[in-house]
Amino acid sequence: MRKPIVAGNWKMNKTVAEAIDLAESIKRDLAACQKVDVVLCPPFTALSAVGNVISGTQIDLGAQNMHWEKSGAYTGEISPEMLRDLFCHYVILGHSERRQYFGETDEIVNRKAKTALALNLHPIVCVGETLEERKAGRTNEVVEKQVRGSLADFGARGWLESIIAYEPVWAIGTGLTASPAQAQEVHALIRSVLQDISDEHVAKSVRIQYGGSVKPGNAAELFGQPDIDGGLIGGAALDASSFIDIVLAAQETA
Ligand code: PEP
């Protein structure tokens, strides 16, 4: 039985004071949440403050990106060691916005994920097709290539420590959601690719989140699919009550 995981990706939103407020509101309801792994991913500038708010609770801290080196001359970058220093346990890697606006490739994502794993950070590796790719019937081909490239050569321990987020690019921040059946089909495909690159135990154990306009109103049906293990939440994670309701929907499936 896989434990659902719901992560809030706050993207480039919230000042430190706003982030503290949001984290405090989420903590009021979810501090003791046991059945779902809850992760808050504020911007870098608010990691420390949010970490203080959720310290001692069941809620974990995650970052939205990191560099592939542990330290060095990379002006403006943030290293995985720095994230560990702030008690981050998770890091989102290869989000479609990073792939689209910052040129991240599967090779870069793979390099980052391997460094994250070496430092005991759980990578949340994002994959997903664009609208053009879906319309051209290329969804499976595109997602399979991303999974093979981004998660190459992790080894069994590395795969088991990783989370995959299937996020159709056309559903992110658009209000369009993959239907539960569409999402389930791709999640099942991802498991079959995992089986091919690793083994059955890994394929059955790795948690695969769905992301793309998840809201309280559609979360239960999505999370009820057999291969969907919670969600990566963008817009709805910026509102405490929406995020809490989405976590509660995941709890129903646990
Ligand atoms: C995301 O950015 O990972 C995401 C899923 O965003 P939204 O929920 O707003 O579609």
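Predicted model: local features only at pLDDT ≥ 70, side-chain atom pairs only at ≥ 80, totals over all residues.
Trainee: Let us turn to helix pairs. At what angle do H1 and H2 pack, and how far apart are their axes?

Mentor: Helix H1 (residues 16-30) packs against H2 at an angle of about 30°, and the two axes are 9 Å apart. Angles under 35 degrees count as roughly parallel, which means that H1 is described as roughly parallel to H2. The handedness is a separate description, and the crossing of H1 and H2 is right-handed.

Trainee: Which residues make the contact between H1 and H2?

Mentor: On the side of H1 they are Val16, Ala19, Ile20, Ala23, Glu24 and Lys27, while H2 brings Thr45, Ala46, Ala49, Val50, Val53 and Ile54. Sorted by class, this contact has nine nonpolar residues, one polar residue and two charged residues.

Trainee: How do the axes of H7 and H9 cross, and within what distance do they come?

Mentor: The axes of H7 and helix H9 (residues 180-197) come within 10 Å of each other and cross at roughly 45°. The angle is therefore one that makes H7 oblique to H9. H7 passes H9 in a right-handed crossing. In H7 the residues that meet H9 are Thr139, Asn140, Val143, Glu144, Val147 and Arg148, and their partners in H9 are Val186, Leu189, Ile190, Val193, Asp196 and Ile197. By class, the contact of H7 with H9 has seven nonpolar, two polar and three charged residues.

Trainee: What angle is found where H5 packs with H7?

Mentor: Helix H5 (residues 106-118) and H7 pack at about 40°, with their axes 8 Å apart. That angle makes H5 oblique to H7, and the crossing of H5 and H7 is right-handed. Asp106, Val109 and Asn110 in H5 meet Lys145, Gln146, Gly149 and Ser150 in H7. When these residues are sorted by class, there are one nonpolar, four polar and two charged.

Trainee: And how should I read a pocket? What is the volume of the largest one?

Mentor: The general idea is that rolling a probe the size of a water molecule over the atoms shows where empty space is left. In this structure the largest pocket has a volume of about 450 Å³. It is lined by 16 residues, and those closest to its centre are Lys11, Met12, Gln64, Arg98 and Phe102. Helix H2 (44-54) and helix H4 (96-102) are the elements that give two or more residues to this lining, and the largest share, four residues, comes from H4. The lining of the largest pocket divides into eight nonpolar, five polar and three charged residues.

Trainee: Which residues lie nearest the centre of the second largest pocket?

Mentor: They are Arg99, Gly128, Glu133, Val142 and Gln146, out of the 16 residues that line the second largest pocket. The volume of this pocket is about 260 Å³. H4, strand S5 (122-127) and helix H7 (139-150) each supply at least two residues of its lining, and H7 gives the most, with four residues.

Trainee: How many residues of each class are in the lining of the second largest pocket?

Mentor: Four are nonpolar, six are polar and six are charged.

Technical notes. Residues numbered from 1 in each chain as written. Heavy atoms only, no water. 1 Å grid on protein atoms, 1.4 Å probe; cavity = no way out; pocket = protein on both sides within 12 Å on 5 of 7 lines; lining within 4 Å. Points joined across faces, edges and corners; volume = space filled by probe spheres on them. Nonpolar A, V, L, I, M, F, W, Y, C, P; charged D, E, K, R; others polar. Axes fitted to C-alpha atoms, helices over the stretch in contact; angles between N-to-C directions. Parallel < 35°, antiparallel > 145°, perpendicular 65-115°, else oblique. Left-handed = near helix turned anticlockwise from the far one by under 90°. Contact = heavy atoms within 4.5 Å.
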